[in-house]
Protein chains: 2
Amino acid sequence: MEQRVCGSNRIAGCNFAIYPMTDDFVQVIQSALKEVDTSKVWMETTDIGTCVRGRITHIFDVTKAAFLQAASTGHHVVFNATYSIGCPGDTSGDTYMAEDESPLNAANSQTIHQEAAGMFSLYPMGGGDYMDTIYSQIESMKQQGIEVSSVHYATRLDGDGNSIYNGLEQVFTDVEKNGSSHTVMTVTISANSPSTKGGKKE
Amino acid sequence: MEQRVCGSNRIAGCNFAIYPMTDDFVQVIQSALKEVDTSKVWMETTDIGTCVRGRITHIFDVTKAAFLQAASTGHHVVFNATYSIGCPGDTSGDTYMAEDESPLNAANSQTIHQEAAGMFSLYPMGGGDYMDTIYSQIESMKQQGIEVSSVHYATRLDGDGNSIYNGLEQVFTDVEKNGSSHTVMTVTISANSPSTKGGKKE
Ligand SMILES: [Ca+2]
């Protein structure tokens, strides 16, 4: 394993995968991705998942759109992702930092109204004053109608899919702005689950 | 969101979920979990996933068994997990630290021979001398026949499911032993994928 040294490059990245719980999972993934414009991000897909890299705006724009498009099929779909910034390791995708900030999929995503249940954990590993930032973003999510609760090792979010992703993008962006040189955020978002919302089914 | 302060308690925990890509996902999950003895861990299941807490040995024993049992159905199944130690936040499950070290599911798991493709990232957030530990564990995984490669933000593992989990348990245990006061490891493991192994399907 080659050691990756954290650098000053501010390219963001995300390893993500979409899991449609249906026999037609290949078709659900492919048809969802066909609706997503990925031209402002570097992208690589393997048998395990997809990696996108570029500006924070576009990383969230693309991943949000992929989830919402897949969820809009009505199947039970789970989106899993790790967002990273501050540890580029190499330079693949650096040219995508030249793209402007205008998100390509926001308009389409806005048309998809999807209830979702999410969970995120933030790992700011490079200092910075992040606790106040996180608290204020959590407050802002609540004001946008997201139900926020604490679970083991994570924060749970229930509400509209677009609002959840916007909240996640905002908290990630703000932690980075407030001086964390290396930040990682893990996210799981579920839609159309047959289980009771928030219900323990032990 | 209540702030969780890292403590000295060495209870480990794992938020995990199993995603069977089939219409019968509920049945696959339920029948897999029925085969797993969880009596040495604290456990809570919600609509988003399951949290188990207790000794490192049992956390890995239970999660490995859950994945292998689900994968042995032959369906395309993905296991996703975040393992944590050093940030208990509360005391639920502390009584489970009194359990002995004998894993309850190891014998059953050993009978399941399952090719798998995994990806993990380690976030040692509490100091300690961990880079040498990680390198030496990676070497040890290779000697057990696991194919190890670097991908963006993660290390990829290809090989036998039991060997992959044993390698992950060893690296997590050793990082903790070597002084990291708070360690997080994210894991994604896929079995029976219709996509080509390791193949980029861009
Ligand atoms: Ca069917």
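Helices here are DSSP runs of H or I with at least four residues, strands are DSSP runs of E with at least two, and both are numbered from the N terminus. This is a predicted model, so local features need pLDDT of at least 70 and side-chain atom pairs count only at pLDDT 80 or more, while totals for chains, interfaces and linings use all residues. Residues are numbered from 1 along each chain as its sequence is written, chains are lettered from A and ligands numbered from 1 in the order written, and side-chain values use heavy atoms, with hydrogens and water left out.

View 1. Helix 5 of chain B covers residues 161–177, 17 residues in total. From first C-alpha to last it reaches 24 Å, close to the 24 Å expected at 1.5 Å a residue (the expected span is 1.5 Å times one less than the number of residues). At its start, a side-chain oxygen of Asp160(B) comes to within 3.2 Å of the backbone nitrogen of Asn162(B). That's a polar contact, meaning a pair of N or O atoms within 3.5 Å; within protein, one must be able to donate a hydrogen and the other to accept it, and residues adjacent in sequence count only if both atoms are side-chain atoms. After the helix comes Gly179(B), with a positive phi near 105°. Helix 5 of chain B is largely enclosed by the rest of the structure, because 14 of its 17 residues are buried (buried is under 20% relative accessible area, exposed over 50%, partly exposed in between, with a 1.4 Å probe and protein chains only).

**View 2. Strand 5 of chain B between its two partners.** Strand 5 of chain B (residues 115–124) has nine of its ten residues buried, so the rest of the structure largely encloses it. Six bridges tie it to strand 7 (residues 154–160) of chain B, running antiparallel, and here Ala117(B) sits opposite Asp158(B). Strand 8 (residues 183–191) of chain B also pairs with strand 5 in the antiparallel sense, over eight bridges; there, Gly118(B) faces Ile189(B). Pairing takes at least two DSSP bridges between the strands.

**View 3. Strand 4 of chain A, covered on both faces.** Look at residues 77–85: nine of the nine residues in strand 4 of chain A are buried. One side carries Val77(A), Phe79(A), Ala81(A), Tyr83(A) and Ile85(A), the other Val78(A), Asn80(A), Thr82(A) and Ser84(A). Strand 4 pairs antiparallel with strand 1 of chain A over nine bridges, and Asn80(A) has Ala17(A) opposite it. Nine bridges also link strand 4 to strand 8 (residues 183–191) of chain A, again antiparallel, with Tyr83(A) opposite Met185(A).

View 4. Asp23(A) and Asp23(B) coordinate the calcium ion through OD atoms at 2.2 to 2.9 Å. Each aspartate lies in the loop between strand 1 (12–20) and helix 1 (25–34) of its own chain, so the pair joins two chains. Donors are N, O and S atoms within 2.8 Å of the metal (3.2 Å for Na, K and Ca), and with water not among the atoms, sites may look incomplete. Asp23(A) is partly exposed at 45% relative accessibility, and Asp23(B) is partly exposed at 45% too.

**View 5. Cysteines without a bond.** There are zero disulfides over all chains, where a disulfide is a pair of cysteine sulfur atoms within 2.5 Å. In chain A, the sulfur of Cys14(A) is 7.7 Å from its closest cysteine sulfur, in Cys51(A), which is too far for a bond. Cys14(A) is buried, at 0% relative accessibility. Over in chain B, Cys51(B) has its closest cysteine sulfur in Cys14(B), 7.7 Å away and also too far for a bond; Cys51(B) is buried at 6%.
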